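Follow the open spaces in this protein one at a time. Keep the structure in view as you read.

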Amino acid sequence: MVDGNRRLHGTWASRWTFILAATGSAVGLGNIWKFPYIAGENGGGAFVLIYLGCILLVGVPVMMAEVMLGRRGGMSPINTMNHLVREAGAHPLWRSIGWLGVVVGLLILSYYGVIAGWALNYVVEMASGSLQGATGKESAARFSALLADPQQLLLCQTAFMILTMGVVIGGVTRGLGVAARVMMPMLFVLLVALILYAVNTGDFAAGARFLFSFRYESLSWDGVLEALGHAFFSLSLGMGAIMAYGAYMPEGAPIGRTVVTIAFLDTLVALMAGMAIFPMVFATPGMAPDAGPSLMFQTLPVIFGNMPGGLFFGTLFFVLVTIAAWSSSISLIEPGVAWLIESLGFNRVSANLLLGTLCWLLGIGTVLSFNLWKDYTIAGNTFFDVMDFVTASVMLPLIGLLIALFAGWVMKRDQAKEALSDTSPLLLAIWHWLLRYVSPLAIGVIFVFGLYNKFA
Ligand code: PHE
C-alpha cells in the first residue's frame, strides 16, 4: 500500500529534500509578515517568550507526531488517518483529524493567497522605484491605497493563485526541492543584511528591548492563545501538510533531529524578521509597533527606499517573500490534492484546478474585507479577522490536540516507536512524555482561558 502510493505521489530525493520542503512549508508569511505584527499587537517580549515555549513544548512534539503518522501511513492525511485508525482499532471519529486538516488548509489558503498577493504587488512597486526615498507617512499611505482598491487586490491574488496551482500541477516532490534549495538561503542572507542595516541606522536597542524584554502586564490570555495558534501556523502543523510531506519521506531518515532542525530554522527566521522590522519602527516617525497586518508593508519599504542599492534589494526581498509564501501555499493545498488523486481518481491537474479555484473564490471575501466590506463586522472583526481567528487560533490547536492524543494515547506505543526507530531512546522518551502530558495540557489550558478571555 505504502509503496503504491509512493509511486503515485513521488518520494523525496533525500532527507535533505524533505528538510528543505518542510522548511519551505513552515517558513512563509507567518514568519515575515504575521509574527512581527502579532508580537507588536501583543506588546512584544512576553508574547515572544510564550511563543517560544509553545514551539518547544507543543510544536516540536506535535510535529514529530505528524511526520511519524505520515510516514507510517504513507498516503494523503485523510487516507493515512483512515488506515492508522483502523490499525489501532480506534473509534472512527479519530479519522476527523485527516478531514478537518484538509478543510482548514483550504480555508487558510483562501486568505493566504490574498496576503501573498500584497507581496507580489510590492515586487512591482519596489522595482518601479516609486518608493525610493519614501518617508514613513508616504509608505503608509501607499499601503492604505492598495488595500482600498479591490480590483488591484483581486488581480494580485489571482496571479498568486495561478502561480501556486502551476507548481502543484508539476508535482510537488520534483519542483519544490529545487526552489527551496536556492531561495531559502537567499532569504536568510537578505534578512541578515536588513538586520545589519537596522543596527546602523534604526533604533536597534529599542527594537531589541521591545522584542525580548519581558513585560508581563502587556500580555492577556487571548494573546497567549494567539501565540499558541501561531506556533501551529508557523510550523505548518494541525492541517496535514507535514503529515503529507512525511508520507513522501524515505525510510531511515531520523525524524527527531530533522524536526528539531526545521523548528529551529523557522523560529530563527521569525525572530530575524522581527529584528529587521522593529528597530525601524522605533526610528521612524508615525510608525507604531501595533500597526497590525500592515506593519511589514509599511516599514520595510522605508528601509529599502533609503538604503544604498535599495531598489535592487527591495525588489529581491519581495520576490523572496513571494516565493516563501508560494512554497507554503503548495503545502496548504497538497493534502486535499493528494486525497482527490488517491480516492476519487482525479489527476494532479484537475485536483489542483478544483481546489485552487475554491480557495480563490473564498479569498474574494478576504479581499473585500479590507475595503467594500470593511464595516461588515462581527464584534468588531472583519471577514478576514474571523477567518484568521477560526483557523489559526481555534482549528489548528484543536486538531493539534487530537493529533497529540491519538499519537500519544490511542496508537500503540510500539507502532509509534517503530516509525521513530531512528530517533535516540532518550529523545524518544522525552517526546512521548511531552506528547502525552505536556502538550495536551498546555493546549487545553490555553484554549479555555484564551476563549474565555476573548468572549467573556
Ligand atoms: N507555515 C506557513 C507560514 O508560516 C503557513 C502554513 C500554515 C503553511 C499551515 C502550511 C500549513 O507562512
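**Pockets, a cavity and a ligand**

The largest pocket is lined by 19 residues, and those nearest its centre are Glu41, Glu226, Asp388, Phe389 and Lys454. Pockets and cavities are found on a 1 Å grid over the protein atoms alone: a cavity is a set of points where a 1.4 Å probe fits but cannot get out, a pocket is an open set with protein on both sides within 12 Å along at least five of seven lines, and lining residues have an atom within 4 Å of a point. H3, H11 and helix H17 (383-410) each give two or more residues to this lining. Helices are DSSP runs (H or I, at least four residues), numbered from the N terminus. The largest pocket holds about 370 Å³ of space. A volume is the space filled by probe spheres set on the grid points, which are joined across faces, edges and corners. By class, its lining has six nonpolar, six polar and seven charged residues. Here Ala, Val, Leu, Ile, Met, Phe, Trp, Tyr, Cys and Pro count as nonpolar, Asp, Glu, Lys and Arg as charged, and the others, Gly among them, as polar.

The model is predicted: local features need pLDDT of at least 70, side-chain atom pairs count only at pLDDT 80 or more, and totals for chains, interfaces and linings use all residues. Residues are numbered from 1 along each chain as its sequence is written, and side-chain values use heavy atoms, with hydrogens and water left out.

Now take the second largest pocket. Its volume is about 270 Å³. Its lining counts 14 residues, with Ile50, Leu219, Trp221, Val224 and Ile446 nearest the centre. Helix H4 (45-73), H11 and helix H19 (425-455) each give two or more of them. H4 gives the most, with six residues. Which classes make up this lining? There are 12 nonpolar residues, two polar and no charged.

The largest cavity has a volume of about 130 Å³. Its lining has 15 residues, and Ser25, Tyr112, Phe233, Ser236 and Leu332 lie nearest its centre. H2, H3, helix H6 (96-128), H11 and H15 each contribute two or more residues to this lining. H15 has the largest share, three residues. Seven of the lining residues are nonpolar, eight are polar and none is charged.

What takes up the largest cavity? The ligand does. A molecule sits in a cavity if more than half of its atoms lie within 2 Å of the cavity's grid points. Around the ligand are 14 residues, the closest being Ala26, Gly30, Tyr112, Phe233 and Ser236. To be near, a residue needs a heavy atom within 4 Å of the molecule. Helix H2 (15-26), helix H3 (29-41), helix H11 (221-234) and helix H15 (310-344) each supply at least two residues of this shell. The shell has six nonpolar, eight polar and no charged residues.

Look last at the polar contacts (pairs of N or O atoms within 3.5 Å). A ligand nitrogen atom is 3.2 Å from a polar backbone atom of serine 25. A ligand oxygen atom is 3.1 Å from a polar backbone atom of leucine 29. An oxygen atom of the ligand is also 3.3 Å from an N or O atom in the side chain of asparagine 31. The protein covers 100% of the 320 Å² of accessible area (Shrake-Rupley method, 1.4 Å probe) that the ligand has on its own.

Definitions and conventions
A polar contact is a pair of N or O atoms within 3.5 Å; within protein, one must be able to donate a hydrogen and the other to accept it, and residues adjacent in sequence count only if both atoms are side-chain atoms.
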